[in-house]
Amino acid sequence: MTFKKYVVGVLLLLSFFLVLVVSFNRIVDPFWYYSDFTIAGFNDIKTEFHGHERQVKPSIVQREQPKVLIFGSSYSEIGFDPLHPALQKIGSTYNFGLAGAPWNIVSCYVEFSISHDKALRQIILGIHPEEMPSQDCSKQIDTMEHPDEVPFLMSMNALQASIKTVFQKDKSPSHTKEGKMFYFRGKRGTATRFSEDLPKCNLASRVNSSSDTGIDTHQVVDLGSLREILHTAVERGIAVKLVVYPRHALKIEREYQCGLSKKRWSILAQISSLAEHESKDLIEVWDFEGYHNIGTESITDAPAVWWQDPAHFNSEFGDIMLDEMFTRKTPQYGTRVMPSNVLAYKELKDNSRALYIKSHPEFLLQLQKLSPLQSN
């Protein structure tokens, strides 16, 4: 065999394996990048989608043009089911939540979707009461507009993901096809996750939370990017429901103890004013946390019904939230927050908290057991 024939043979062999790998990855589609067909028992359960949302989800939105989009961090990605009847009634729905994404990332994906999803009519946007300053999203949007398909077809990471998707035993999906994330759903260790995620403060810094009354109207925060999103949505006739992420009452109480709650109410008041200024009809702000039976669910090591940790709520709670926001049920857990009711709403929450703690002494004992206040 001549050297030339040897080189040609090696190149042909490498080309064959490359075509084989590309074809295998394309057929298995381990990240739902193409989402064109599934085969039961072969590629219908995607175990490796997690960690690739930021590359995949923009492409799906551009291609599918959903009428309803759910945005936010992992709280939205886990808690809101895009197959909820209220959303399906509007039209095709996709969960664009992104695990671990701070507001500066989430806001750029919202901006991208508003400009690239021409069918978009409804947004559910999960938020934290925090600063949301204006920013330049042009570079991120350019990346979303022109995704690189090579990593999904020719990379070793894609090949490994395809192999795991097809051959891994006891397969458990990380997401649904519609973008919803499972996370720790149904898994034990709930009390441990609560213990790890509750705010920390010491006895010396503990405040007399009974003095935490009213709302600080002097503390103004920058909501520039949220204002831009809402303004653009209103111009396009897109309805927006802003959902303040609920927390378990144990986390709420620890924030009271650490003196962290007053700032939250100040920002919530400013968000409600912004929403009403942009549009009373298209923009709504909703809050669902409190000392009700869902918020005070007893926490053990077993999987909880409503919570995965102090802030990640299960979609069962999310279903109730969607039912109430879209008037399928009379509001029992949620309140639409407006400038006209925010002060009274805070007073109601404060009274509800005081009454619950007085009638449930075991609640503070559980909080101390899960996350003891330190002496220094």
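Predicted model: local features only at pLDDT ≥ 70, side-chain atom pairs only at ≥ 80, totals over all residues.
Figure 1. Helix 13 itself spans residues 315-325 and is mostly covered, with nine of its 11 residues buried. The buried positions of helix 13 are S315, F317, G318, I320, M321, L322, D323, E324 and M325. Just after helix 13, T327 adopts a positive phi of about 60°.

**Figure 2. Strand 4 and its two parallel partners, strand 3 and strand 5.** Six of the six residues of strand 4 are buried, so this strand is largely enclosed by the rest of the structure. Strand 3 runs parallel to strand 4, and six bridges join the two. Within this pairing, I123 stands opposite V240 of strand 4. Strand 5 also pairs with strand 4 in the parallel sense, over five bridges. On that side, W286 of strand 5 is the bridge partner of V243.

**Figure 3. Strand 1 between its pairing partners, strand 2 and strand 3.** Strand 1 covers residues 68-71; V68 and I70 point one way from it and L69 and F71 the other way, and all are buried. Strand 2 (residues 93-95) pairs with strand 1 in the parallel sense over three bridges. In this pairing, I70 stands opposite N95 of strand 2. Strand 3 (residues 122-127) is likewise parallel to strand 1, and four bridges connect them. Here V68 stands opposite Q122 of strand 3. Strand 3 is also the element that six bridges join to strand 4.

**Figure 4. Packing of helix 5 against helix 6.** The axes of helix 5 (residues 103-116) and helix 6 (residues 138-145) come within 10 Å and cross at roughly 55°. This angle makes helix 5 oblique to helix 6. The crossing of helix 5 with helix 6 is right-handed. Helix 5 contributes N104, I105, C108, Y109, E111, F112 and H116 to the contact, and helix 6 contributes Q140, I141, M144 and E145. By class, the residues of this contact comprise six nonpolar, three polar and two charged. An α-helix has 3.6 residues a turn, so residues three or four places apart point the same way.

**Figure 5. Packing of helix 10 against helix 12.** Helix 10 (residues 224-236) and helix 12 (residues 261-278) have axes that come within 10 Å and cross at roughly 25°. Helix 10 is therefore roughly parallel to helix 12, because angles under 35 degrees count as roughly parallel. Helix 10 passes helix 12 in a right-handed crossing. On the side of helix 10, the contact is formed by L226, R227, L230, H231 and V234, which meet I271, L274, A275 and E278 of helix 12. The contact of helix 10 with helix 12 divides into six nonpolar residues, one polar residue and two charged residues.

Key:
Residues numbered from 1 in each chain as written. Heavy atoms only, no water. Axes fitted to C-alpha atoms, helices over the stretch in contact; angles between N-to-C directions. Parallel < 35°, antiparallel > 145°, perpendicular 65-115°, else oblique. Left-handed = near helix turned anticlockwise from the far one by under 90°. Contact = heavy atoms within 4.5 Å. Nonpolar A, V, L, I, M, F, W, Y, C, P; charged D, E, K, R; others polar. Buried < 20%, exposed > 50% of the residue type's maximum accessible area, 1.4 Å probe, protein only. Pairing = 2+ DSSP bridges.
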